[in-house]
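User: I have a two-chain model open and would like to talk through how the chains meet. Could you take me through it slowly?

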Amino acid sequence: MFWKYLSIISLILIMPVIVLWLSDSNDYGRMLIYSMEQKEIKTEEYDPIFGQKFEKTEIQKGFWLGLLPPTDQISPKIFLGVIPLSSAFLALSIFGFVMLRIQKNKKEKSTNI
Amino acid sequence: MIKLLKFIALGVLFITTLNTAFSTDFGLNLSGDRKFNLNHNVGPNELRFNSSAPLEDIVGYVDKDAISSSVTLNLANIENATGTVVFKVDAMETGIKTRDEHLHGPNWLDASQYPEIKFELKNLKDVKIVQKDPPLGRATAEATAVGVFTMRGISKNITSKVKITFVKESDFTMKRANGDFLFVEGSFSIKLADFNVQGTKGVIGSKVGKEIDITYKLFYNSN
């Protein structure tokens, strides 16, 4: 039963990851290929001395999920992307399914005996 | 002897006429050289670089504290402006720490060997006054900046479209900083290949554009 739940939950978890990516991309202002660690916040202000509007940019630190991780080096950050996370969940789901089959086969064998 | 003096006088007159004919002023009845230095109190200084490639668009910026710049401007002859903009390579950021480390690394901009990128303004051409407000002591000119851009120890002549706004010192401006104000904004593009930037194999042209667009908004005050 455990392996069955693990397979289903792992498969289901792929959906929120994709939703999070879409939501983060929307928040960032463009579809994110790579996960980002900072974002620019632009504000426009009229400057009476120069008689024109100027854009002021401030940097906001944080994390925005992209398709790919923000690093190519071996570190826990390598999972911080939709593709590696979904792949990990898919692999876990397949592993759970395989374990379930093995368990079933064992049970069948023991019943036959 | 008189003939020679006449010839010299004519020559001086000719050169002066030529200089006047090809020099532009802000139309604010101001003259003389002013030296301007970058000042964060005058306005939000900004230096950005953008790369557009099929797989990714990268928007980067330089930490404003790592930029130093000065401009010498003759108010009666804007064309004669000279100056420098220098910024530190390791202050260039793209929003991803690992990517920044690659950017500063030997395959890309090699910050350890070439810690600074420099633009040296030689002069301005095609100067055109586009806005003038003498009561406020303010005028704006559009021009083409001619200069030398140095990156990774390689220097190339470049031109950049610029917009220059001059504001004469007043009680109003003194609340921010002393002296006259200058705002310079513009953009130009550079080819990475021109500066021997090899990059990680296969990345230039796919994830990083072959050309990088640089935009700047710089605020100065005079001494």
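**Where the chains meet**

Analyst: Between chain B and chain A the count is 2 salt bridges, a salt bridge being a side-chain nitrogen of Lys or Arg within 4 Å of a carboxyl oxygen of Asp or Glu. This is a predicted model, in which local features need pLDDT of at least 70 and side-chain atom pairs count only at pLDDT 80 or more, while totals for chains, interfaces and linings use all residues. Residues are numbered from 1 along each chain as its sequence is written, chains are lettered from A in the order in which they are written, and side-chain values use heavy atoms, with hydrogens and water left out.

User: Which residue of chain B does Glu40(A) form a salt bridge with?

Analyst: Its partner is Arg48(B), and the closest N and O atoms are 2.6 Å apart.

User: And how much area do chain B and chain A bury between them?

Analyst: They bury about 2,300 Å², with 51% of it on carbon and sulfur atoms; buried area is the accessible area (1.4 Å probe) that two parts lose on being put together, summed over both. In chain B, Gly95(B), Ile96(B) and Arg176(B) lose the most area to chain A, together 19% of what that side buries.

User: How many residues are in contact?

Analyst: 32 residues of chain B are in contact with 25 residues of chain A, where contact means heavy atoms within 4.5 Å.
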